Amino acid sequence: MPVDMSKYLSLFVTEATEHLESLGRDLVELEKTGGTASIDSMFRHAHSVKGMAASMGFEVAATLAHRVEDLVDAVRSDASLLDRELVDLLLSTTDTLLSQVRAAAEGQPPEDSGPIERQLSERLARITGRSPSPTKVAQATARPSAPPVPPAAPKAPAPAEKENPQERDAGLGLPPRFGLKVRIAQSCAVPGVRAFLVHKRLSGLGNVFDLKPALEDLKAGRIPDGLVSLELETSAGEAGVRGALGNISEVEVLSLKPVVFTAPSPPAPMPSPESAKVVGHEAARTVRVRTELLDYFLDTAGELLLATARIREVGKALPARSQPSLDEAVDRLHGLVKDLHDKVMKARMTPLSVITDRLPRAARDIARRRERDVDLVVTGADIELDRAILDDLADPLLHLLRNCIDHGIESPEERAAQKKGARGRVLVSVRRARDRVVVEIEDDGRGMDPEKLKAAALARGLITAEVAGRLSDAEAYTLCCLPGVSTARDVSEISGRGVGMDAVKRAVESVGGTLEIESERGRGTRFILKLPLTVAVVNLLLVAVGEEIFGLPIAKVIGAVEAEAGTLSRSREAALLPYAGSLLPVHPMADLLGIPDLPRVGPRPFVVMEAESGRVALAVDRLLGQEEVVLKALSRPLDLVPGLSGVTILGTGRPVFILDVPRLLAA
Amino acid sequence: MAKRVLVVDDAIFMRNMIKDIFSSGGFEVVGEAANGLEAVEKYKELKPDLTTMDIVMPFKSGIEATREIVKHDTNAVVIMCSALGQESLVMEAIEAGAADFIVKPFRAEDVLAVVKKVVGEA
Amino acid sequence: MRHVIFRLDKERYALPLSAIREVVVPPGQFTRVPRSPPSVRGVINLRGRVVTVVELRSLLGLPEPSPASQKIVLLDRGRRDLGLLVTEVDGIESIEKVAPAPGKPAASVRGVARLKGLAVTVLDPDGVDGAVAACFAR
């Protein structure tokens, strides 16, 4: 009955990946703290991967995992073996395994891991003084002729041999004794354990004497020809003995006959087996749901909301007498669907640890490459966010961490000169602030130089000298997020802020978050990410521009006014709208969006919004009202359009884009 | 009536595979547990005819769970799922009361042969 | 491999059936995508999904169509929603041998095949996908 392994592949890939990532984290943690707490969990991870890979028939991966398991086991008995070199080796093995798992996922052959496997074997041989045992994988078991694997030496101290496990009641006389010969099947992979089971089963019936081979040899699998003989004193009778052995696989009873009583050996006390240390913990009852399925639930729940809105819309055409009952039904439906939607949103909440767990490993790698000494502290990672936001946050966080270590933290010598501790510190802290989650990444490095940033932005023509003069330091730091500035090499070296900050800012803003930067020269830099808990439902102001409809997030709208074109002030060619005591620059929405503007007379509405540079007035054609909508993320290629933050479908069925006004103005 | 099985393993992957093997062999998998703690609870709740038990698991090892299950029900049939290289652990589990064991990587026919023998169907 | 055969004006093209989710009739109105490249017709609401629709002819750099495009071929690109406007869809045919296309190579084009004596340009779904992204990125 061959098992079709392909259906397990995706599960194998997810689980093996999780185990390997945890293994990497444990390694970094272990190296840092020097404690032994994570060794058991490391062993478990390696062990699980080995088992899974072997079952899937991925021989190379199984072998690597086996070596890791052996090495971790060695470290378990002697923690001093874990030096930096060994951590490096184990980490790169973990990486190799991860890429092999990825290759398996894509149906590709695994990358060559011969060199690393040799390194592992050498290291293992040096530590244990024996060559590593072969790893058994699924294909091998398909052939009964597979060579038997010599069992490893027992790891735990073996319990004392017990030939008389029970105290006997001497007063009642002795039960009959049987001579027994059994053979363990040649095909048995672990004859030692098989024989031990036989011994255990028989010990349960009475007392065992004259065991051959001796229990120690038996347990170690040293059983010539698989033959085991013993005498058993039991009142269970021949049928009882046969019964006890009858349901053990791979064992054949060769002979069973009564023997004449000889003097029994004195009873020995039964050793109480060492019980494994147990960590009390209430296991959470969870089921695993594929993330695509969660996305699908959210999509569907969102579409149900839209469909409900559509029914309400269509119902307006019904005669007035049918209205109340329809409204009531639609209200109830809306309530139910909203509740369902909320529950789905809740199910999507995922702790930030899913992404911060990768940071310690990354910090170690970056710090080693840059020859920096860095301590990374992560707090509050149990706080939850919608997984759509988390997915988009993984790379930016990593990027900010790299930025802090690459450019923020000074070399140990430089730090010493500044009278700072030799080890740099990067703190990643997460906290809830009302309906937002605030993630801060902070280093105690050299800080940024606002003047250098301004000069760089000026040199690239991104700002004018006038603007540069007006910028506060806080504003100047955000210049590093402008594409030209952040990629400028000299800036990344001089001011200490690197490549790709524009990408970070974009990613944070695309999920509805904001990025702020605080910095102090010589003291360090702090990146502050303020993120929404969820992205899905937003309140929009709908506006008409030409024949199109767009949504503006209400949260960013300050107000709306109507004004005659003639009442606008003008400064040079730009129009200015008087609003709340100041003059706001006017941007015709049609121009911003590249839509033909309709000729018009009379007053027109203006929407006042907050933008990067302050308040702006957007000239639109009509205000259509406010609506709570389900935001859909922009799928490729729409996400490439600057100035769009999402899309939704109105009750009428019409798709409507939600605008990101600051980016629209910047683009 | 089909024998009722409880499957204990911390890897979903392994659980699914074992479940499939049992289903193909005419057993009924009535529950699963991902760690030793849950295994003991589930055992008490479901009283299965047969329990397959992984050894290396979080919170509580399969050995400890087996010990508790057998203490709770002396007729419990617990089959250890072990890997090569875990011989000493399996023996410890047998000491703790495990009825038999199967060795990873699993082959359906091997697993079913062991299990059917243990429950007296072979 | 089975391919969906369609026409741009009179020219015949093919995409692997496995790369196509469905074929739909364009709605009366598209929602315009602001600041999008000219090849992009707009987005439509397809049973609650927002699908970006691209004029394939323009994407491939062909002249403007004489008859209006009649069908949208929806690519099945994971969770991406991308539709290609084509003149008409002819059906599904098996294409095995694909020869390199004459002229300079393009990522969107896998090659040419013969079907009942007539030439068919076989498109590469990933290449088409890439071309759409590329025209946005410009």
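This is a predicted model: local features need pLDDT of at least 70, side-chain atom pairs count only at pLDDT 80 or more; totals for chains, interfaces and linings use all residues.
In the interface of chain A and chain C, 27 residues of chain A are in contact with 22 residues of chain C. The two chains bury about 2,200 Å² between them, and carbon and sulfur atoms give 60% of this area. Arg636(A), Pro637(A) and Pro655(A) together supply 22% of the area that chain A buries against chain C, more than any other three residues. Five elements of chain A each give two or more residues to the side that touches chain C: helix H10 (291-315), strand S13 (548-553), helix H22 (589-593), strand S21 (644-649) and strand S22 (655-659). By class, this side of chain A holds 17 nonpolar, 3 polar and 7 charged residues. For polar contacts across the same interface, 5 residue pairs are found, with both residues at pLDDT 80 or more.

The largest nonpolar core has 65 residues. The members that touch the most other members are Phe12(A) and Leu90(A) from chain A, and Phe13(B), Phe22(B), Phe27(B), Leu50(B) and Phe106(B) from chain B. Around Phe106(B), the residues touched are Met14(B), Met17(B), Ile18(B), Ile21(B), Cys81(B) and Val111(B), when residues up to four places away in sequence are not counted. In soluble globular proteins, nonpolar side chains tend to be buried together.

Arg194(A) is a charged residue in a buried position. It lies in helix H7 (residues 191-203) of chain A, and its relative accessible area is 1%, so it counts as buried under the 20% limit. The side chain of Arg194(A) makes a polar contact with the side chain of Glu250(A) at 2.8 Å and another with the side chain of Asp100(B) at 2.7 Å. Beyond residues up to four places away in sequence, Arg194(A) touches Ile184(A), Cys188(A), Ile248(A), Ser249(A), Glu250(A) and Val251(A) in chain A, together with Asp100(B), Phe101(B) and Val114(B) in chain B.

Over all chains, the search of the whole structure finds 45 salt bridges. One of them joins Arg415(A) and Asp444(A), whose closest N and O atoms are 2.9 Å apart. Arg415(A) lies in helix H15 (residues 412-417) of chain A, and Asp444(A) in the loop between strand S9 (436-443) and helix H16 (450-459), so the pair ties together parts that are 29 residues apart in sequence. Arg415(A) is buried at a relative accessible area of 1%, whereas Asp444(A) is partly exposed at 24%. A further salt bridge is formed by the side chains of Arg521(A) and Asp449(A) (3.4 Å, N to O). Here Arg521(A) lies in the loop between strand S10 (514-520) and strand S11 (524-532), while Asp449(A) lies in the loop between S9 and H16, so this pair ties together parts that are 72 residues apart in sequence. Arg521(A) is exposed, with a relative accessible area of 55%, and Asp449(A) is buried, with 11%.

In chain B, the side chains of Glu68(B) and Lys60(B) meet in a salt bridge at 2.8 Å, N to O. Glu68(B) is partly exposed at 27% relative accessibility, and Lys60(B) is buried at 8%. Salt bridges that share partners also join Arg431(A), Glu440(A), Glu442(A), Glu518(A) and Arg526(A) into one network. Side chains of opposite charge can pair when their charged atoms come close.

Helix H2 (residues 36-46) of chain B is largely enclosed by the rest of the structure, because 8 of its 11 residues are buried. The buried residues are Gly36(B), Leu37(B), Glu38(B), Ala39(B), Val40(B), Lys42(B), Tyr43(B) and Leu46(B). They pack against strand S1 (4-8), strand S2 (28-33), strand S3 (50-54) and helix H3 (62-72) of chain B. At the start of H2(B), a side-chain oxygen of Asn35(B) comes to within 3.0 Å of the backbone nitrogen of Leu37(B). Just after H2(B), Lys47(B) adopts a positive phi of about 45°.

Conventions: Residues are numbered from 1 along each chain as its sequence is written. Chains are lettered from A and ligands numbered from 1 in the order in which they are written. Side-chain values use heavy atoms; hydrogens and water are left out. Contact means heavy atoms within 4.5 Å. Buried area is the accessible area (1.4 Å probe) that two parts lose on being put together, summed over both. A polar contact is a pair of N or O atoms within 3.5 Å; within protein, one must be able to donate a hydrogen and the other to accept it, and residues adjacent in sequence count only if both atoms are side-chain atoms. Helices (H or I, at least four residues) and strands (E, at least two) are DSSP runs, numbered from the N terminus. Ala, Val, Leu, Ile, Met, Phe, Trp, Tyr, Cys and Pro count as nonpolar, Asp, Glu, Lys and Arg as charged, and the others, Gly among them, as polar. A nonpolar core is a set of buried Ala, Val, Leu, Ile, Met, Phe, Trp, Tyr and Cys residues joined through side-chain atoms within 4.5 Å. Buried means under 20% relative accessible area, exposed over 50%, partly exposed in between (1.4 Å probe, protein chains only). A salt bridge is a side-chain nitrogen of Lys or Arg within 4 Å of a carboxyl oxygen of Asp or Glu.
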